[in-house]
Amino acid sequence: MKNTWLPMCVLLSSLLPGLIIFLLSEEARRTRTVLNLTAAATKLLLTAAMAWGVFQGRQYETRVSFFPNADLVLRADSFSLLFITLSAVLWFVTTIYAVGYLEGTGHRSRFFGFFSLCVASTMGIALAGNLLTFFLFYEMLTLSTYPLVIHRGTKEALRAGNVYLRYTLSGATLLLAGVVLLYTLAGTVEFTERGALSAVSGHRTELVVAFGLLIGGLAVKAALVPFHGWLPVAMVAPAPVSALLHAVAVVKAGAFGITRVIYDVYGVYLVHDLGVTRPLAVVAAITILYGSLKALQQGDLKRRLAYSTVSQVAYIVLGISIFGTVSTIGGLVHLVHQGVMKITLFFCAGNYAEELHLHRVKELRGVGRRMPLTTAAFTIAALGMIGIPPVAGFITKWYLGIGALEANEPWLVVVLLVSSLLNAGYFLPIVYSAWFQAPREDWKPSTRPRGWEIGWALLFPTVVTAVLSVAAGLFAGAELSPLGWTRLITDREFRP
Amino acid sequence: MTGASALMAWPVIIPLLGAVLALLVGRPAVRLIAGVTSVATLSASAVLAWEVAHRGVLRQSIGGWGVPLGIEWRADGLAVLMLLTIALVGSLTSVHALDHLPDREDREFLPLWLLVWCALNALVLSADAFNLYVTLELTTLGAVALIAVRRDLPGLDGGLRYLLFALPGSLCYLLGIALLYGAYAALDVGLLAERVQPGPVTWVAAALVTVGLCLKTPLFPLHVWLPPTYAGAPTPVTALLSALISKGSYYVLFRLWMEVFAPVMDAQVAQLLGLLGAAAVIWGSLLALLQSQLKRVVAYSSVAQIGYMFLVFPMATEDARAGAIYLVVSHAAAKASMFVAVGNIHQAVGITALGGVQGLAGRMPFTFLALGLGGISLIGIPPSGGFIAKWLLLNASIATGQWWWGVVLLVGSLLSAAYVFRILRGSFLPLPEGVTVRAIPLGNELAPFALALIALVLGLVPWFPLDLLAVGAAR
């Protein structure tokens, strides 16, 4: 028996609060915060309930009729839950962070309204049961992040917004063309394990063209080279937005979509047969190296993190485009691992900027003594990104490497190694100078009581996500760890 | 003339009575009459739509004279959907107009608008080519008076431009149907559809009818009257012109082309119409991008949106037809909402330039929500009626193998995104120094929002209008 209301509730738990927040006055600070946190907590509970159900094999599906011959479908399968859980957990901590970060600035009702809509769209993307539903929420995500990107209302922010829209709307156009092409070819394309199109015979050219359009469209949000240009520019957004954009919402929506297309629309066997994954793997490899090289050149901390995201998200795409279970596990699990680690890094960057107005990499000398917890969190996440055990990033790289060998693509191991070296090249100097060099100038003394390095609303989320990054690596063997869950998904996808 | 068929008369009679009453009673009861007439016509249209949805196509002969001599009315799904659109969009826009226009003008505005409403409803229900001509003329004349209702120079100039294009348009149309009548001795659309044969007479007649209606709608390159007229007319009138009145002539063209001409015309001609539509999409969008006046941006956007509606002719599948009509309906709601919102902005800050929106979003949230939602529908981003229309037309373009129309659609929507966000992004900037914002009555703020909600709802429950549209649609 199917549970028909829970997926809808998960979606509404951030959609409704978002709409209510728009109606609140700017001064209703307490009401807004309580509403935000209640909603985030409710979503966590609902997600946990649903995850347990899916683990036990229960089915969750909300279906409403849309067109005369097409439905809107929200369905929770194991893969959606991977993404939903990530979003629900990170949304909760980011909300706390954002409340602290935006304290005393203007337009907060607008900000939190769109913030919730952004999360609601992400939920919709995760739960979408067919391509049409996916596309609806994918567009809604673009629209709800745009006001967040230009939130500060400066000339620079508006320009970043323009760049963001130019990229994402062009991407959405390609995606729509692909969706319509598949729709006329095969009717409503429902996401099914092992691929809905695997039953379609012939039409090879159309299938390849549609694949190109779909992946091209999704690659914009996933920031694959050459469609990555918007991501570093969008850095003008407030820190919590960057954190969310990079860890959960936008880039992950792209990577999630690519995964859906390969596994649940085409099916691994069909894409392998069409020979379209190899070019994708090459693009991903180029992106990994290019992103790392660019990151190395950036003097601005947030921009360096942005290019690092370009590179790290491509790991996900690389993993899923190599044929084989091991590499798939590596790619999918990085969806979670990269999210947790990257959000930590952005929280840290936000903390440095908020407390000491540090924006450039050079200015971080000796910051470890002044802000030890933040710097420790930064260190953990940075080591994870490089791939040092026991932080989560190691698990990813291990699986990707083994997967590449298993698929007989040894050149990819070289790519992974070079990329890790480059990661070390742009993260380790920061870690080193933060801990071991003396500060260049004297910072104004802290005014906070009892030696707090920064307000708890900013510190708590940072520490939590850093701990999660280690925990995901340490307890990777557990059945309900990200890795364990990914094995579950992969088993279902590859079952012949 | 019994039972359900008699219902068809009410949507025409009520606004006519309202117009007469508004003329006689005048100022004191203008609002009351406007309210009662709007609600009554809306209810009559809704009841008729309900009947059609449940019983199928209704027919009625006025005065008991049937085909081929008398006047026939026919209500199918397409007709009642148009009735509902006119009623909803028209009443919200006109209610706003009464608050927006100064006293003297709304005394004249209301009877004129109700007359146009009556003519549009009659047009939508007409089943013969001559009756279509008469109602189209009534609409045009009423529209000219509405454009000039303020009696200022831009309005008079705009009205005159419109008249100079619409009158030759009517003449062309009349000549066309005269030819058809001479050749086939029929005016009823159904009879014409049975009798027309391919041949020079039919081709010339079709060309005249098409050119005439394209002049009024207007289709690129006959659109030159549109921007100055739309810019010169009072803003609520512009909303009515763009949302409803221009759709009247398109509706006639759609009906005649799909039911009468399509089977006997060369496919090349349909391609030509599509090509002009595509040119309109590109040209209108590019010019919208270049405008510095807010109202002109929205006006040029209408040129582009009308262009989309002509892409239906070369494709002409069931999906394409549904898509075109869906665009007519959602464009009516979205564009009316945007024009009315622009009117609010003018009223609040007295700036007509594009920069006038700066910093206003916080002061007039509903107006800007309307601009945003309306803009999303114009671009065709979900959830909006515009997206559904785009989806249906895209599907048709791929299903018929004419993918180039799909490319036009997609390029057009990117261009429209460029001009829509050019308007919207300014609202995130801080309010400039020295600008005073006059308060806008809440009702004026809610009218465009309600219109935009219609465009939104069209994108959320598309099965309802699509099911209705399928009643009596030609397969």
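Biologist: Which side chain does A:Arg63 meet in a salt bridge with A:Asp71, and at what N to O distance do the two meet?

Modeller: One caution before the reading: this is a predicted model. For a salt bridge, look for a Lys or Arg side-chain nitrogen within 4 Å of an Asp or Glu carboxyl oxygen. Here the side chains of A:Arg63 and A:Asp71 meet at 3.1 Å, N to O.

Biologist: Which salt bridge joins A:Glu190 to another side chain?

Modeller: The one with A:Arg63, at 3.3 Å, N to O. This pair links distant parts of the chain. A:Glu190 lies in the loop between H6 and helix H7 (204-222) of chain A, and A:Arg63 lies in strand E2 of chain A, 127 residues apart.

Biologist: Why does A:Glu190 count as buried?

Modeller: Its relative accessible area is 19%, so A:Glu190 is buried. The cut-off is under 20%.

Biologist: Which residues do salt bridges that share partners join into one network?

Modeller: Trace the shared partners. A:Glu61, A:Arg63, A:Asp71, A:Arg75 and A:Glu190 form one network. Over all chains, the structure holds 21 salt bridges.

Biologist: Now the interface. How many salt bridges are counted between chain A and chain B?

Modeller: The count is 0. Polar contacts are a separate tally: 3 residue pairs, both residues at pLDDT 80 or more.

Biologist: Which elements give two or more residues to the side of chain A that touches chain B?

Modeller: Strand E2 (59-67), helix H5 (131-149) and helix H6 (155-186) of chain A. H6(A) gives the most, with 13 residues. By residue type, that side of chain A divides into 19 nonpolar, 6 polar and 2 charged.

Biologist: How many residues are in contact across the two chains, and what area is buried between them?

Modeller: Read the two figures together. In contact are 27 residues of chain A and 26 residues of chain B. The area buried between the chains is about 2,600 Å², and carbon and sulfur atoms give 81% of that. A:Phe66, A:Phe67 and A:Leu143 supply 21% of the area that chain A buries against chain B, more than any other three residues.

Biologist: How many disulfides does a search of the whole structure find?

Modeller: The search needs two cysteine sulfur atoms within 2.5 Å. It finds 0 disulfides over all chains. Look at individual cysteines too. A:Cys118 is buried, with a relative accessible area of 1%. B:Cys118 is buried at 10%.

Biologist: One last residue. Where is A:Ser433 found?

Modeller: A:Ser433 sits in helix H18 (residues 410-436) of chain A. Its relative accessible area is 9%, so A:Ser433 is buried. Leaving aside neighbours within four places in sequence, A:Ser433 is in contact with A:Leu364, A:Arg365 and A:Gly366.

Notes. Residues are numbered from 1 along each chain as its sequence is written. Chains are lettered from A and ligands numbered from 1 in the order in which they are written. This is a predicted model: local features need pLDDT of at least 70, side-chain atom pairs count only at pLDDT 80 or more; totals for chains, interfaces and linings use all residues. Side-chain values use heavy atoms; hydrogens and water are left out. Helices (H or I, at least four residues) and strands (E, at least two) are DSSP runs, numbered from the N terminus. Buried means under 20% relative accessible area, exposed over 50%, partly exposed in between (1.4 Å probe, protein chains only). Contact means heavy atoms within 4.5 Å. Buried area is the accessible area (1.4 Å probe) that two parts lose on being put together, summed over both. A polar contact is a pair of N or O atoms within 3.5 Å; within protein, one must be able to donate a hydrogen and the other to accept it, and residues adjacent in sequence count only if both atoms are side-chain atoms. Ala, Val, Leu, Ile, Met, Phe, Trp, Tyr, Cys and Pro count as nonpolar, Asp, Glu, Lys and Arg as charged, and the others, Gly among them, as polar.
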